[in-house]
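We begin with one residue and then step back to the whole chain.

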Amino acid sequence: MPKTLSKIKVALVGVGNCASAFVQGLHYYSDSEREKECIGLRNLYFGGLHPRDIQIAAAFDVDSRKVGKDLSEAIFSPPNNTLKLVDVPQTNVTVHKGPVLDGIGEYTKNIVQVSNLPEINVADALKAVGVEVVVNLLPSGAVKASRWYAEQALIAGCAFVNATPVFIASDAAWAKRFEEAKLPLVGDDLIDQVGATTLHKTLLKLLSMHGVRITETYQLDVGGGTESLDTLERTRDVKRIVKTKSVETALPYKADVVAGSTDYVDFLQNRRDSYFWIKGLYFCKVPMQIDLRLSTVDAPNAGSVLFDVIRAVKIALNRKLKGVILPISAYAFKHPPQLMPIETAEKAFADFISGNV
Ligand SMILES: NC(=O)c1ccc[n+]([C@@H]2O[C@H](COP(=O)([O-])OP(=O)(O)OC[C@H]3O[C@@H](n4cnc5c(N)ncnc54)[C@H](O)[C@@H]3O)[C@@H](O)[C@H]2O)c1
């Protein structure tokens with residue numbers, strides 16, 4: 001068995017669907033030993049670290065059905081509606097109440113029920129249990145709240161993982177602040193394990209490599225988690241810009257490209273349907289088209305990538321690296337400070353883990 005380093009103490013900001021799948025996954029894989037038997041994980045051991053080396057030490061939310069509860073109960077409380085994958089035993093981590101700020105939008109204000117319990121001093125709470133890595137899983141429209149938690153990480157001396165599309169790692173001013181504080185920062189907007197954007201880019205690249213001239217393509221999603229509703233109100237436009245730009249880089253010429261989220265369908269629960277349409281011309285301009293649907297459940301799609309990111313950030317901490325860690329950000333996030341082609345990002349990440357950079 002590879003040698004393990006010390007436990008990684010993590011705080012979760014936002015105990016929503018993504019946090020639920022992540023916590024369930026930690027328990028699900030905790031006894032796994034053999035790489036080959038770990039279906040669904042990209043890496044069992046990673047830089048000498050196993051998923052069981054990730055320890056949730058603190059969690060923050062605002063919903064009355066989660067605040068004050070043990071994390072094992074809070075992750076299954078409404079409005080969370082992702083899959084129950086496994087029973088989670090008592091964690092002895094009580095979900096604390098943080099400030100609401102802009103955490104709740106117009107569309108989600110009837111879904112999230114704000115707790116009356118007093119707010120905790122978040123930086124003090126992080127320090128009290130020795131948190132090393134703060135993972136931001138707030139709704140994508142929570143710009144102020146995400147930045148507020150980044151500030152708390154700075155005060156408490158923690159690394160920050162920004163899984164949301166709020167620009168923090170890709171914002172030069174924030175990057176400088178983490179650099180000055182000698183703390184690692186990675187983000188923004190986590191890439192899914194079975195990602196629609198990655199699949200779309202891969203298909204387009206494959207076709208264009210084979211001489212197909214793509215003329216038009218779109219990729220649109222519908223989902224039923226609270227996050228899809230928040231996206232509909234607050235981040236659909238920005239997500240569309242980020243995803244469309246990213247997809248356009250897969251083609252060496254200009255084509256009509258649209259990519260982004262589209263709508264909320266409540267009965268889908270946490271399921272997500274991603275639709276792909278690709279039209280092009282091949283030999284002698286004969287037309288071809290692809291009409292495809294990818295069906296996933298949203299929250300488990302972040303689990304394997306988060307396991308890798310947190311372990312990679314621990315490696316950055318051990319090496320005393322500071323500021324934005326580009327190899328982690330480019331490998332695992334849709335909007336890093338510098339976009340890289342998939343193969344370049346994979347290589348930069350592998351080199352980082354093996355210590356070749
Ligand atoms: N596959 C994925 O799930 C995936 C992939 C990439 C990025 N992300 C990002 O992860 C984030 C979380 O996604 P989700 O599906 O878990 O969302 P969610 O809506 O299920 O969870 C958000 C949680 O944040 C809580 N919250 C709201 N305001 C708060 C505040 N001020 N302080 C503390 N908690 C607050 C809510 O009560 C809720 O529990 C989103 O920004 C999403 O874009 C998720």
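This is a predicted model: local features need pLDDT of at least 70, side-chain atom pairs count only at pLDDT 80 or more; totals for chains, interfaces and linings use all residues.

The protein has 10 helices and 11 strands. Its radius of gyration is 20 Å, close to the 21 Å given by the globule rule for 357 residues, so the protein is as compact as a globular protein of that length.

**Around His 210**

- To find His 210, look in the loop that runs between helix 6 (196-209) and strand 7 (213-223).
- The C-alpha atoms of His 210 and Tyr 282 are separated by 8.8 Å, while the two residues lie 72 residues apart along the chain.

**Overall build**

- Along the principal axes, the C-alpha atoms of the protein fill a box of roughly 70 × 50 × 45 Å.
- Of the 357 residues, 55% count as buried.
- Taking contacts between residues at least 6 apart in sequence, 75% join residues at least 24 apart.

**Surface and charge**

- The accessible surface of the protein comes to about 16100 Å², and carbon and sulfur atoms account for 55% of that surface.
- The protein carries 41 positive and 39 negative charges, and the mean positions of these two sets are 4 Å apart.

**Nonpolar cores**

- In soluble globular proteins, nonpolar side chains tend to be buried together.
- Here the largest nonpolar core has 50 residues, and those with the most contacts inside it include Val 10, Leu 12, Phe 22 and Val 309.
- Helix 8 (residues 303-318) gives this core its largest share, nine residues.
- A second, separate core has 28 residues, among them Ala 58, Phe 60, Ala 123 and Ala 153.
- Leu 71 is another of the residues with the most contacts inside the largest core. Leaving aside neighbours within four places in sequence, Leu 71 is in contact with residues including Leu 12, Val 15, Ile 56 and Val 93.

**Ile 315 in helix 8**

- Ile 315 has its place in helix 8.
- Is Ile 315 buried or exposed? Ile 315 is buried, because its relative accessible area is 7% and the cut-off for buried is under 20%.
- Beyond its neighbours within four places in sequence, Ile 315 is in contact with Gly 47, Phe 352 and Ile 353.
- Ile 315 and Leu 83 are 232 residues apart along the chain, and their C-alpha atoms are separated by 31 Å.

Key
Residues are numbered from 1 along each chain as its sequence is written. Side-chain values use heavy atoms; hydrogens and water are left out. Helices (H or I, at least four residues) and strands (E, at least two) are DSSP runs, numbered from the N terminus. The radius of gyration is taken over C-alpha atoms; the globule rule is 2.2 Å times the number of residues to the power 0.38. Buried means under 20% relative accessible area, exposed over 50%, partly exposed in between (1.4 Å probe, protein chains only). Contact means heavy atoms within 4.5 Å. Accessible areas come from the Shrake-Rupley method with a 1.4 Å probe; for residues, only the protein chains shown count as cover. Lys and Arg count as positive and Asp and Glu as negative; His and the chain ends are not counted. The place of a charge is taken as NZ of Lys, CZ of Arg, CG of Asp or CD of Glu. A nonpolar core is a set of buried Ala, Val, Leu, Ile, Met, Phe, Trp, Tyr and Cys residues joined through side-chain atoms within 4.5 Å.
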